[in-house]
Amino acid sequence: MTVKVSLRDLHLAFPGRDGAGDKVIYENLNLDIDEGSFTVLLGPSGCGKSTLLNITNGLLKPTSASGIIVDGNDLRDQPEMSRKMAYVFQGARLLRWKTLAQNAEFGLAGLNVQPKEKWQGLMEKYFSAVGLKDYMNHYPHQVSGGMQQRASIVRAWVNEPEILLMDEPFSHLDEITAATMRRILIDLWRQDETRRTIIFVTHDIAEAAQMASDIVMLTPAPSSICYRRKVDMPWPRAMESDEVIDLEKELRRAFSEKAGIRF
Amino acid sequence: MTASMRLKEYSAQLASLVLIILGWEIAAQTMNTNALPPASTVFATLGGLVADGDAFGPLFSTLLRTVLGFALGFLLGTAYGIFAATFKTFDELTKWLIQIAIFTPTLILIFLFLVAIGRTNFTVIILIALVVMPMIGTYIRDALKDFDPDLEGMAVSYKVPLHQRVTGMYLPFLIPPMLAAGRIGFTLSWKVAFLAEIFGFPNGLGWQVRQTYQIYNVAGLLAWLCLFIITLIAIEQLMRFVERRVVTW
């Protein structure tokens, strides 16, 4: 399996407040993400999961690192590598004065997807895939929160990026909507012959068990990888299936034993 | 808002205007005093001014000063607001200056400017700009402070270039507060022009009010005042119409 993203010897610390010492987030963290994998970064709040996405996207500079490698190139030397990525945030972050389609176009224009003539086709394809084709010309306030989040996934996916960074995209949704969204996301990911690399952040063990092809478990800060396992289980995965429930149990056990977190 | 809802809203507004005029008419008829002529007399005087064409010269003079002064104040205020929201040091440096400008009574400014610069159109235009600019500036500055930094993060992550961020993100965000500030600012400009004319101008609506007051022609005074208010209402409605057309989201 080819490595798509590699973070080498990552060190990140923020200055402490009111004379307190530095707040260390990572000390020599190393992480390789396989091409075409659905890698889930699983960890408690505040352990620096989202920060890892920001570093991977070049939005945040680490205190030090021997490499932030994307497709064999260091992102710091070749920032255009970040154009291979699109980001889905916790909130939809849609511009309220633009329709859902115009919001998707905003991303297309930003990442300068060429040729421009194919934008309309791309938008129709992905808005249809998430069941929003009839709502493309609606403004965000005219649709539900779940539909807004679906539109934000389209904004990322229309760019057909090689890497998708997803930061707890369903954590603000009710469980029924979130379950639908997970299914839509897995369907989108599986429909392409060459699967995109997804780095998905969550603190939800059940969500990780249901979606991941690779699970990376992080300890509370200063964060390190305390457990990692590939998941060779076909999709779609039913939440109540024995395999998924067993995996959840295994992950809870790992949290207790490796990260010292009691449930 | 649907057409029927808007019709309902307009009907209520029209009914309130009719009630005000009716109340005025009844009060005038009951009190029977020169200090409050009946609405019918005042509107007849106004009708005469419009029919003779006497209303348009003063109206145009005041309107021209107001529009030019407001445009200058609006431009300067918007520029100030954007700068103050973007550069914290600039905001701190100018904060008290702007506060002083807002707190200073408009009448004092009018006297000072008329004495210092003289009774020219330029004086009134500068005066209006000076009164309107701090109000617009603080409004825009405070509105921009409410801009969601998460949207900025989204734009950065999607590598949206600056010009597209300005046209696609900041400007549309600013349009509603700019329109709201514009409506308030224009009313303020109109009042400053009116006051400046009362105190030192040989033409304009304010001057006409002063003239009618000096000969104790209360019906004439109120007729000019009504013309002032009707024009203001018309402009306000026009601005609301533009706002509805522009802000569709």
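Visitor: Okay, which side chain of chain A meets B:D150 in a salt bridge?
Guide: That's A:R93; its side chain and that of B:D150 meet in a salt bridge at 3.5 Å, N to O. A salt bridge here is a side-chain nitrogen of Lys or Arg within 4 Å of a carboxyl oxygen of Asp or Glu. Before we go on: this is a predicted model, where local features need pLDDT of at least 70 and side-chain atom pairs count only at pLDDT 80 or more, while totals for chains, interfaces and linings use all residues. Residues are numbered from 1 along each chain as its sequence is written, chains are lettered from A and ligands numbered from 1 in the order written, and side-chain values use heavy atoms, leaving out hydrogens and water.

Visitor: How many salt bridges are there across the interface of chain A and chain B?
Guide: The rule finds 1. There are also 7 residue pairs in polar contact between the two chains, both residues at pLDDT 80 or more. A polar contact is a pair of N or O atoms within 3.5 Å; within protein, one must be able to donate a hydrogen and the other to accept it, and residues adjacent in sequence count only if both atoms are side-chain atoms.

Visitor: And how much area do chain A and chain B bury between them?
Guide: About 1,800 Å², with 68% of it on carbon and sulfur atoms. Buried area is the accessible area (1.4 Å probe) that two parts lose on being put together, summed over both.

Visitor: Which residues in chain A lose the most area to chain B?
Guide: A:R93, A:W97 and A:F106, which together make up 39% of what that side buries.

Visitor: How many residues are in contact on each side?
Guide: 23 residues of chain A touch 19 of chain B, where contact means heavy atoms within 4.5 Å.

Visitor: New topic: how many helices and strands does chain B have?
Guide: Chain B has 10 helices and 0 strands. Helices (H or I, at least four residues) and strands (E, at least two) are DSSP runs, numbered from the N terminus.

Visitor: How do α1(B) and α10(B) lie relative to each other, parallel or antiparallel?
Guide: Residues 3–31 (α1) and 218–246 (α10) of chain B pack at about 170°, axes 15 Å apart. Axes are lines fitted to C-alpha atoms, for helices over the stretch in contact, and angles run from 0 to 180 degrees between N-to-C directions. The two helices are therefore roughly antiparallel, the word for angles over 145 degrees.

Visitor: Which residues meet there?
Guide: B:R6, B:Y10, B:Q13 and B:W24 in α1(B) meet B:L222, B:C226, B:Q237 and B:R244 in α10(B).

Conventions:
Angles under 35 degrees count as roughly parallel, over 145 as roughly antiparallel, 65 to 115 as roughly perpendicular and the rest as oblique.
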